[in-house]
Protein chains: 2
Amino acid sequence: MNQNCDIASKIFNTLSFTDRELDILNSKFEKITVKKGDIILEANEIVTDQYYVLSGCLRSFFIDSQAKEHTLQFAIEDWWASDFTAFFDTSKSILNIECIQDAVLYRLSKNDIDYIFEHFPQIESFIRKKLEKAFAGFQKRILGNLSKTAKERYVDFITKYPNIEQNIKNYHIASYLGITKESLSRIRKELVKKQ
Amino acid sequence: MNQNCDIASKIFNTLSFTDRELDILNSKFEKITVKKGDIILEANEIVTDQYYVLSGCLRSFFIDSQAKEHTLQFAIEDWWASDFTAFFDTSKSILNIECIQDAVLYRLSKNDIDYIFEHFPQIESFIRKKLEKAFAGFQKRILGNLSKTAKERYVDFITKYPNIEQNIKNYHIASYLGITKESLSRIRKELVKKQ
């Protein structure tokens, strides 16, 4: 087993592999340690990698033409991060990804995941199911944006990311919810009053 | 070949199959003809099927607690429709799906797609790629909701669905964009002036 230890068994935790298969799989992942504030991906780069988050937290965000930041997602333990739209067809990113809590990541390249899909159909199936869950999460978010108040979306957020709030900045949360910091502050006060 | 003709070759158009395989695959699809106004799925039903749209147009929408409709998606030719969040884990739908242009659909059950994934890994791979594209589309929509004006979102909409506009109601488009019919009308007038 190589220096990555057995990350493959952790990531693909419902699957079984032979030792030889695990050696191959583990050799595809590159362990990376990043610090709070480090940039993992910048907009306009060709996206060739995705990142499995072993610990810590990443934030993916979009910077609009007025230089305003909009948070797409937070990636916490056992999540994957990338600009997937760009990763899927190896095109240029529109997202930036930064580390917002010191993190241990495992990088996997597009070439290597294509190799894995070709040689390990059970992993393609595993990832297809993960993708279904991610798709369902996005569907819920779109419906929330269309039909819910900012307060309801904030409650959804703290349910989805229960332990994240104390570690990230208010403007990250506000920019995820599509509201101002002042609105976020007002919502929090209203919720405290109700308790 | 059965009564469905060869829908499998049309749907999985980049793949090759033997005649025997095509017979199996085609037998899994049930052809359904629906009329404008027909309801294909209602909220709170267990979702066991997805629908391939051969022709026509479906609309999936959410009805909130104030009985207001919010359009999640339109499904046109060569799209799939379902409440996928519920379909993926055979749970109850929160979406409704109605036919908004007379349509020919091919119904595929969860059991049958699971059978297909098990016996045709190349189809699982094909669907995984479709799912990636759908995921990317949702990501774009979320970023659009966070960062774009209603006018920019309307332009995105008519680019994504170029031939749909003349056939569907204004409140469908407005409820997809998350704006009022009046705002939609104002945006259209502004765009006409600019031309």
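**A guided reading of a predicted two-chain model**

Phe29(B) sits in the loop between α2 (19-28) and β1 (30-34) of chain B; helices (H or I, at least four residues) and strands (E, at least two) are DSSP runs, numbered from the N terminus. Residues are numbered from 1 along each chain as its sequence is written, chains are lettered from A and ligands numbered from 1 in the order in which they are written. The model is predicted, and local features need pLDDT of at least 70, side-chain atom pairs count only at pLDDT 80 or more, and totals for chains, interfaces and linings use all residues, while side-chain values use heavy atoms, with hydrogens and water left out.

Phe29(B) has a relative accessibility of 3% and counts as buried. In this text, buried means under 20% relative accessible area, exposed over 50%, and partly exposed in between (1.4 Å probe, protein chains only). From Phe29(B) to Cys99(B) the separation is 70 residues in sequence and 19 Å in space, C-alpha to C-alpha.

The relation between the two chains comes next. Two copies of a chain are related by a rotation about an axis and a shift along it.

Chain A gives 32 residues to the contact and chain B gives 32 residues, where contact means heavy atoms within 4.5 Å. Of the interface residues of chain A, 100% are also interface residues in chain B, so the copies meet through the same surface. Between them the chains bury about 3300 Å², 73% of it on carbon and sulfur atoms; buried area is the accessible area (1.4 Å probe) that two parts lose on being put together, summed over both.

The rule finds 2 salt bridges across this interface, a salt bridge being a side-chain nitrogen of Lys or Arg within 4 Å of a carboxyl oxygen of Asp or Glu. Arg128(A) forms a salt bridge with Glu124(B), and their closest N and O atoms are 2.8 Å apart. On the side of chain A that touches chain B, the elements giving two or more residues are β4 (69-75), α3 (84-88), α5 (121-147) and α7 (170-177) of chain A. The largest share of that side, 16 residues, comes from α5(A).

One of those elements, α7(A), is mostly covered, with 6 of its 8 residues buried. His172(A), Ile173(A), Ala174(A), Ser175(A), Tyr176(A) and Leu177(A) are the buried residues of α7(A). Just after α7(A), Gly178(A) takes a positive phi of about 75°.

In chain B, His172(B) belongs to helix α7 (residues 170-177) and is buried, with a relative accessible area of 3%. Neighbours within four places in sequence left aside, His172(B) is in contact with Arg59(B), Thr71(B), Phe74(B), Glu98(B) and Ile100(B). Two of these contacts are themselves paired: Glu98(B) and Arg59(B) meet through their side chains in a salt bridge (2.9 Å, N to O). Glu98(B) lies in strand β6 (residues 95-109) and Arg59(B) in strand β3 of chain B, so the pair ties together parts that are 39 residues apart in sequence. Glu98(B) is buried at 13% relative accessibility, and Arg59(B) is buried with a relative accessible area of 1%. In chain A, a network of salt bridges links Arg59(A), Glu69(A) and Glu98(A).

Over all chains the count comes to 24 salt bridges. Among them, Arg107(A) pairs with Glu30(A), the closest N and O atoms being 3.0 Å apart. Arg107(A) is partly exposed, with a relative accessible area of 24%, and Glu30(A) counts as partly exposed at 41% relative accessibility.

Backbone angles complete the tour. Most residues other than glycine have a negative phi, and most peptide bonds are trans. Asn44(B), although not a glycine, has a positive phi of about 80°; Asn44(B) is found in the loop between β2 (39-41) and β3 (49-63) of chain B and is exposed, with a relative accessible area of 55%. Asp78(B), also not a glycine, has a positive phi of about 70°. Asp78(B) forms a salt bridge with Lys130(B), with the closest N and O atoms 4.0 Å apart.
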